[in-house]
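This report describes one protein chain, from its overall form down to single residues. The sequence and structure come first.

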Amino acid sequence: MTGLAATLLSIVMLAVFALAAGGIYLIATRRDRKRGVLMLAAAAVFLVNVLIWTLPG
């Protein structure tokens, strides 16, 4: 994996953590449950994409 690809995957993982934390916060504080769930779904999609790109083979 090149340096650029590794950097981009790292940035996406930071986005996963930020989206997950924001989604949990919105759900826990009962501010906007719908957006919180959407943020968690986006985090899950990003995480699966990173896992697919880092699988060996």
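**Burial and basis of the model**

Of the 57 residues in the protein chain, 14% are buried, where buried means under 20% relative accessible area, exposed over 50% and partly exposed in between, with a 1.4 Å probe and protein chains only.

This is a predicted model, in which local features need pLDDT of at least 70 and side-chain atom pairs count only at pLDDT 80 or more, while totals for chains, interfaces and linings use all residues. Residues are numbered from 1 along each chain as its sequence is written, and side-chain values use heavy atoms, with hydrogens and water left out.

**Overall form**

The protein chain has two helices and zero strands; helices (H or I, at least four residues) and strands (E, at least two) are DSSP runs numbered from the N terminus. Its C-alpha trace spans about 40 × 20 × 10 Å along the principal axes.

Of the contacts between residues at least 6 apart in sequence, 42% join residues at least 24 apart, a contact being heavy atoms within 4.5 Å.

**The helix pair**

Helix H1 covers residues 3-28 and helix H2 residues 33-54; their axes come within 8 Å and cross at roughly 155 degrees. H1 is therefore roughly antiparallel to H2, a label for angles over 145 degrees. Axes are lines fitted to C-alpha atoms, for helices over the stretch in contact, and angles run from 0 to 180 degrees between N-to-C directions.

The contact of H1 with H2 has 19 nonpolar, four polar and two charged residues. Ala, Val, Leu, Ile, Met, Phe, Trp, Tyr, Cys and Pro count as nonpolar, Asp, Glu, Lys and Arg as charged, and the others, Gly among them, as polar.

**Single residues**

Leu 26 lies in helix H1 and is buried, at 17% relative accessible area. Leaving aside neighbours within four places in sequence, Leu 26 is in contact with Arg 31, Asp 32, Arg 35, Gly 36 and Met 39.

Thr 7 is also found in helix H1 and is partly exposed at 43% relative accessibility. From C-alpha to C-alpha, Leu 26 and Thr 7 are 29 Å apart.

Arg 30 sits in the loop between H1 and H2 and is exposed, with a relative accessible area of 68%. Its phi is near 55 degrees, a positive value in a residue other than glycine.

Conventions. Angles under 35 degrees count as roughly parallel, over 145 as roughly antiparallel, 65 to 115 as roughly perpendicular and the rest as oblique.
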